[in-house]
Amino acid sequence: MNWDEQMLLWNQAAASILDIRHKVLWEGQDLLSYQLPANMFLLVVSGSAYVRIDEHKCYLKQHHLLHAGKGMNVDIMPAKHEFSYYLVYYKAVLPGSAASDFANGTVVPAQPFRLFYHVILPEPGPVHGQVRRMYEEWQQTGILAQIRMKSMLFELIYVLFSQLKNSKDRGSPADLMAFALRYIHEHYTEVVSMDQLADLLGCSSSYMYRLFKAEIGKSPNDYIIGIRMEQARQYLLTTQLNLREIALSVGYSDVYYFSRLFKKQFGVSPLQSRKRESEHSALHCNPSNASVSSIVPPMPLSYNHNVNENDYHRKGELSLLSNNPSKSSMTALVMLCLTLLISACQTGIRNGSSESKGSNASSTAGSADSAAESKGAESSSGTRLYKHKFGETSIPANPKRVVTAYHLGHMLALDVRPLGAATYILQYSQKAMDTNGVVDLGAPLNLELIAELEPDLIILIEAYLEPSGGYERFNKIAPTVVLEAHQDPVKDIRLIGDLLGKQEKAEQWISQYQAKITQTKERVQQKFGPNETFTILNVRSEKSRMIYRDRNMGGNILYSYWGLKPQEKVLKDVIRGIDDESSYLSITEEAIPEYVGDHLVVAAAPSAQGSVDKLMASGLWKNLDAVKNNRVYRIDFDEFLFNDPIFAMKQVDILADALTKNR
């Protein structure tokens with residue numbers, strides 16, 4: 001794409017917004033054969049999807065932006081459980097004088113704005129922010145609002161094209177790595193995620209990860225932990241700070257978590273490390289051993305090894321005394337005495353300050369004892385700190401009034417009835433569970449309705465944040481946590497059980513589920529040989545055929561829990577070969593024979609029965625060995641779409657019955 005030409009076009013254009021929408025599509029809610037009523041920008045908020053625009057095919061993820069022209073046909077098939085995105089429809093025309101002979105002498109195409117292109121945003125933040133503001137402003141009415149929308153459209157175009165034009169000058173992989181390392185060293189006490197690094201550097205998180213592994217030999221997260229632990233060890237050796245103070249200084253609010261990481265890194269606990277070094281220092285302070293420095297080791301450890309130290313000085317850091325062999329031992333001894341004297345004074349000040357604050361456990365000096373007292377204070381106050389995708393939030397220790405967007409089935413399985421849930425989740429779950437009394441919160445979620453319910457905790461997944469104005473708007477109503485939907489019933493119920501203070505109930509459900517898996521596994525394995533292979537095929541329409549992996553649609557039960565063998569190409573291309581966010585691989589009808597094993601599980605919703613019948617009437621289908629040997633098993637797509645605990649318990653029995661019936 002020639003971005004210079006696009007900028008010249010937009011500089012001459014008269015344009016207006018026709019519509020702005022936010023949509024969340026769930027797996028199975030495909031948007032097929034939709035003809036665009038106008039030119040369109042599609043901005044991905046979360047999740048991923050396979051998208052077809054006329055003959056163009058692409059795989060879209062967070063921070064991808066797609067443009068398509070009026071009249072083009074669109075197919076969108078969510079690849080992850082949910083796919084959240086904005087649509088910005090607009091109309092743009094060129095004045096007559098510009099349309100026939102463009103400013104630079106280039107002849108303008110008949111439809112200059114009806115183009116397809118797809119980009120990964122170099123700096124997603126400004127584009128996301130602009131589109132969100134446009135979506136909010138679009139709810140207003142009147143002439144002034146329309147004028148405002150025109151200006152916001154051109155502001156979006158400016159932000160977008162300025163990034164795309166300059167993205168090619170962002171540097172080589174070595175430059176990216178240097179910038180990433182510098183950023184990490186300057187911000188290591190903050191939350192630094194791979195997505196954040198990728199956003200800053202204008203690349204994908206997977207590329208960022210591969211670059212780190214290739215250049216450094218470890219992941220960004222492991223590298224950050226290493227820096228933090230080295231700096232923590234320096235604080236232990238050279239200061240009198242207690243464990244909680246050191247943990248906070250290197251970016252951890254949970255002293256127990258910090259201690260576990262430290263021990264994993266160095267093989268000893270922080271206090272043991274300090275004690276060892278103290279004993280070592282005392283040995284070196286012995287006057288009879290004056291030839292060895294008693295201040296620091298000969299090669300002091302540094303978290304910024306091989307990096308210009310001036311870039312990484314932090315406010316409040318204590319200076320490290322350096323070892324200079326040219327100085328006399330007497331000078332070193334004097335310096336040690338001064339250091340001990342200053343440290344003693346500082347300790348006295350801290351202890352005095354702590355005493356003046358009474359029983360405030362979070363300010364008490366000390367290490368493990370202080371942390372335990374603080375933990376007890378949190379519990380007694382009825383709240384605790386909880387880490388999640390959007391930070392660390394103080395939540396009730398035992399919440400009573402909970403709103404959830406997605407985790408309805410998980411809560412009901414724990415005998416906790418939420419106040420409300422999102423529309424699609426609520427409607428879908430009514431088939432399998434008692435949802436009486438659970439309020440429909442709409443889509444997007446209705447913030448006013450949520451506020452009226454007066455929750456003490458809100459549980460969300462990321463797809464629901466953007467259309468409602470972002471995380472802070474929910475967090476102003478009640479403490480809000482944002483979770484990842486693992487699509488694993490055991491992981492997810494354990495997560496929700498911990499959030500709701502229902503850990504024991506969650507473990508009871510897990511025991512029941514594992515017992516059911518064991519019982520059905522024995523029953524299924526008696527019917528099949530160890531080398532017989534299986535495939536899961538989903539038919540949604542005449543254009544949509546998907547091969548499922550080991551995550552959902554029965555794949556977790558079939559391959560992971562029961563240990564049945566996937567067909568070789570399914571294992572290679574789907575389970576091991578596709579993007580980790582995807583639940584399936586989209587294939588053509590002609591490719592079906594390549595993926596079908598000895599046994600074929602066909603998943604289809606009742607609405608797709610016509611497409612299934614047409615496929616089964618084809619010669620391609622009738623020539624499959626699984627079909628000839630009567631080894632085809634039907635399951636209802638709708639019953640296997642979600643993996644919450646209530647559906648999951650039913651799915652094991654449904655699939656076991658389907659495979660063993662008449663065998």
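Good morning. The model before you is a predicted one.

Is Asn556 buried or exposed? Its relative accessible area is 5%, and because buried means under 20%, Asn556 counts as buried. Setting aside residues up to four places away in sequence, Asn556 touches Pro489, Asp550, Arg551, Tyr561 and Asn643.

Let me now turn to the protein as a whole. Its secondary structure comprises 27 helices and 20 strands. There are 663 residues in the protein, and buried residues make up 47% of them. Of the contacts with a separation of 6 or more, 70% are between residues 24 or more positions apart. The protein exposes about 31,700 Å², and carbon and sulfur atoms supply 50% of that area.

My next example is a contact between two helices. Helix α8, residues 220-238, packs with helix α10, residues 255-266, at an angle of about 95 degrees, and their axes are 10 Å apart. That angle makes α8 roughly perpendicular to α10. Which residues of α8 and α10 meet? From α8 come Ile225, Gly226, Met229, Glu230, Ala232, Arg233 and Leu236, and from α10 come Phe258, Leu261, Phe262, Gln265 and Phe266.

We move on to helix α23, residues 609-616. In this helix, Ser611, Val612 and Leu615 are buried. They lie on the same side of α23, because the arc they cover around the axis is only 100 degrees. What covers these buried residues? The cover includes the strands β15 (533-539), β16 (545-548), β19 (599-604) and β20 (632-636), together with the helices α22 (592-595) and α24 (619-622). On the face of α23 turned away from the buried side, the exposed residues are Gly610 and Lys614.

Finally, please look at strand β1, residues 14-26, where Ser16 lies. The relative accessibility of Ser16 is 22%, and it therefore counts as partly exposed. Leaving aside neighbours within four places in sequence, Ser16 is in contact with Tyr90, Lys91, Lys150 and Leu153. How far apart are the C-alpha atoms of Ser16 and Ser151? They are separated by 8.9 Å, although the two residues are 135 residues apart along the chain.

Thank you for your attention.

Key. Residues numbered from 1 in each chain as written. Predicted model: local features only at pLDDT ≥ 70, side-chain atom pairs only at ≥ 80, totals over all residues. Heavy atoms only, no water. Axes fitted to C-alpha atoms, helices over the stretch in contact; angles between N-to-C directions. Helix = DSSP H or I, 4+ residues; strand = E, 2+ residues; numbered from the N terminus. Parallel < 35°, antiparallel > 145°, perpendicular 65-115°, else oblique. Contact = heavy atoms within 4.5 Å. Buried < 20%, exposed > 50% of the residue type's maximum accessible area, 1.4 Å probe, protein only. Arc of directions from axis to C-beta. Areas by Shrake-Rupley, 256 points an atom, 1.4 Å probe, with all protein chains shown as cover.
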